[in-house]
Amino acid sequence: METAPKPGGDAPPKKNKLQAKRKKPRRYWEEEETAPTPAGASPGPPHSKKRKQEFRPQRSKNTLIQKKSWISKKPQVSKKPREQRNPEPQRTLSGAQDPFPGPAPVPEEAALKFRRIDKSKKLLHSKSKTRSRLEVAEAEEKETSVRAARSELLLAEEPGFLEGEDGEDTAKIRQADIVEAVDIASAAKHFDLNLRQFGPYRLNYSQTGRHLAFGGRRGHVAALDWVTKKLMCEINVMEAVRDIRFLHSEALIAVAQNRWLHIYDNQGIELHCIRRCDRITRLEFLPFHFLLATASETGFLTYLDVSVGKIVTALNARAGRLDVMTQNPYNAVIHLGHSNGTVSLWSPAVKEPLAKILCHRGAVRTVAVDSTGTYMATSALDHQLKIFDLRGTFQPLSARTLPKGAGYLAFSQRGLLAAGMGDVVNVWAGQGKGSLPSLEQPYLTHRLSGHVHSLQFCPFEDVLGVGHSGGITSMLVPGAAEPNFDGLENNPYRSRKQRQEWEVKALLEKVPAELICLDPRALAEVDVVTLEQEKKERMERLGYDPEAKAPFQPKPKQKGRSSTASLVKRKRKVMDEEHRDKVRQSLEQQQEQQKQEKTKPTGTWPSALDRFVR
């Protein structure tokens with residue numbers, strides 16, 4: 001605080017010690033001149049203004065250059081020494097230097113596995129705005145694939161196969177030996193349900209692989225959490241059960257009974273009875289489309305939209321009784337096996353089959369498609385087991401003759417093929433996911449107490465569920481399932497609230513039934529032939545081209561500049577520019593043709609007319 005001056009005194013007021021020590025506040029436009037301190041020396045106290053020496057640079061050429069640069073408009077950046085250009089590597093909190101700075105490198109092969117954009121196909125005559133958007137989308141997709149490949153290293157679980165000792169055949173290893181070798185949690189996944197009174201049984205696992213539903217021929221229907229062995233519901237419908245399927249969640253179960261299709265909840269309460277779907281033999285549910293496909297004895301393939309409860313379409317296969325049906329998980333196409341040895345592919349958007357494949361000389365007994373949509377396995381009355389390529393060729397890749405023939409087939413998530421032949425189940429393995437199973441020697445073999453009537457691999461578990469005349473058997477098949485699951489898509493440990501939220505999101509992202517086709521990648525392409533044909537028909541119907549460019553009409557101007565002569569002059573100027581562009585394009589095309597004609601392939605004999613070429 002300031003002290004009041006004495007009356008009559010001319011001396012200035014004295015200041016306190018705090019005010020004397022207080023510094024002048026530093027402004028952002030003021031530059032503080034600090035002398036560089038040598039390495040290892042501590043900075044000294046600030047110098048006072050009296051001791052501060054004024055630095056006066058000598059007049060030299062450098063000062064003249066600095067003045068010129070200050071006068072010039074372009075800013076000149078002073079060059080830094082080489083030591084300052086290369087920044088020092090970042091150090092951690094402990095002070096240690098990172099020996100591997102920057103993000104971890106990702107191999108191209110790992111990133112290509114997650115790519116979704118095909119760069120081999122490019123749009124012709126695309127606009128600059130469209131091209132820029134495509135480039136941005138490609139860059140984002142590339143960055144996403146690199147992130148996915150880098151995060152793949154964090155996956156803890158890895159697939160493993162059963163390996164025998166030197167010269168030991170894995171097909172001779174029994175289930176009891178596998179149960180003794182694995183841990184207690186995995187050994188609990190192998191069990192047998194003795195239900196001879198109501199068999200034979202058909203079974204189905206939910207999408208998460210946590211719940212199991214099965215139905216017997218004599219009306220026994222049950223659903224349980226097979227991991228904890230907790231029974232959800234158990235009823236007897238007093239009618240023959242031909243097939244059973246979970247819908248989009250484990251809360252709804254579709255049962256194909258002797259007469260009609262019935263929908264039950266997980267408490268065994270009947271919710272719907274759909275009488276338009278009668279005498280059903282097989283069921284298939286399409287999870288991304290919310291469609292329930294049914295095959296009937298009358299030869300009709302019916303699609304039921306379970307989200308709204310309406311029948312989308314009913315297709316007549318014209319092939320008699322339909323008793324063999326499966327779906328392609330890759331493109332949601334339904335495969336039907338017929339008594340004449342053919343397999344037909346169906347989509348609800350087309351009334352005729354998308355393709356017909358002659359597979360066997362006898363009636364087809366069973367069909368299975370792997371998870372990648374690459375291979376299809378079929379078996380018929382001629383005791384032949386064949387694997388076909390579904391990538392446009394539909395040619396058989398391998399075949400094997402079985403003693404009794406396979407009545408039921410199933411593919412696992414990693415490409416293992418299981419076949420039920422009487423009371424024996426054989427499993428063939430390949431090199432991995434998306435590879436062709438080798439039919440030379442079986443990977444595993446197991447004998448049951450009854451004849452097989454249903455096969456399905458459990459998702460995300462190395463378990464094969466078998467429904468037979470004596471009940472239900474859960475087999476251990478090492479290396480069959482995908483070890484890591486997507487918690488946002490199929491979470492086996494989700495709660496009731498999470499299931500409800502997932503159901504709402506799945507309904508919002510439902511794929512329309514019209515988009516089901518053989519090649520899903522073709523949906524992003526433009527059908528140029530059909531587009532040109534529609535444009536031509538529209539021109540014939542209207543008598544003119546509605547998409548033609550309108551002639552140039554100059555805008556009227558004021559102050560006498562919109563006279564007739566000026567308007568004609570402006571029109572002619574625009575027409576001349578368009579004409580120049582056309583001439584320039586034609587000249588460029590001619591030059592390209594001349595270059596192609598001059599560059600002849602090596603090794604060709606010279607012609608007698610080459611001497612006239614200039």
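**Exercise 1. Find the salt-bridge partner of Asp389, and sort both residues by accessibility.**

Start with Asp389, which is buried because its relative accessible area is 9%. Here buried means under 20% relative accessible area, exposed means over 50%, and partly exposed is in between, with a 1.4 Å probe and protein chains only. Next, look for the partner: the side chain of Asp389 meets that of Arg391 in a salt bridge, at 3.0 Å from N to O. A salt bridge needs a side-chain nitrogen of Lys or Arg within 4 Å of a carboxyl oxygen of Asp or Glu. Finish with Arg391, which comes out as exposed, at 55%.

A quick word on what you're looking at: this is a predicted model, so local features need pLDDT of at least 70 and side-chain atom pairs count only at pLDDT 80 or more, while totals for chains, interfaces and linings use all residues. Residues are numbered from 1 along each chain as its sequence is written, and side-chain values use heavy atoms, leaving out hydrogens and water.

**Exercise 2. Work out what the salt bridge between Glu284 and Arg245 ties together.**

First, check the distance: the closest N and O atoms of Glu284 and Arg245 are 3.3 Å apart. Then place the two residues. Glu284 sits in strand S10 (residues 280-286) and Arg245 in strand S6 (residues 241-246), so the bridge ties together parts 39 residues apart in sequence. Strands (E, at least two residues) and helices (H or I, at least four) are DSSP runs, numbered from the N terminus. Now for accessibility: Glu284 is buried at 9%, and Arg245 is buried at 12%. Last, widen the view: Arg202, Asp243, Arg245 and Glu284 are linked in a network of salt bridges. Over the whole structure, the search finds 20 salt bridges.

**Exercise 3. Describe helix H5 and its buried residues.**

Begin with the span. H5 (residues 128-151) has 24 residues and reaches 35 Å from its first C-alpha to its last, close to the 34 Å expected at 1.5 Å a residue. The expected span is 1.5 Å times one less than the number of residues. Then pick out the buried residues: Glu141, Ser145 and Ala149. Their cover includes helix H4 (108-112), where contact means heavy atoms within 4.5 Å.

**Exercise 4. Is Asn491 buried or exposed, and what does Asn491 touch?**

Locate Asn491 first: the loop between strand S28 (471-476) and helix H8 (496-508). At 17% relative accessible area, Asn491 counts as buried. Not counting residues up to four places away in sequence, Asn491 touches Thr208, Phe485, Asp486 and Gln498.
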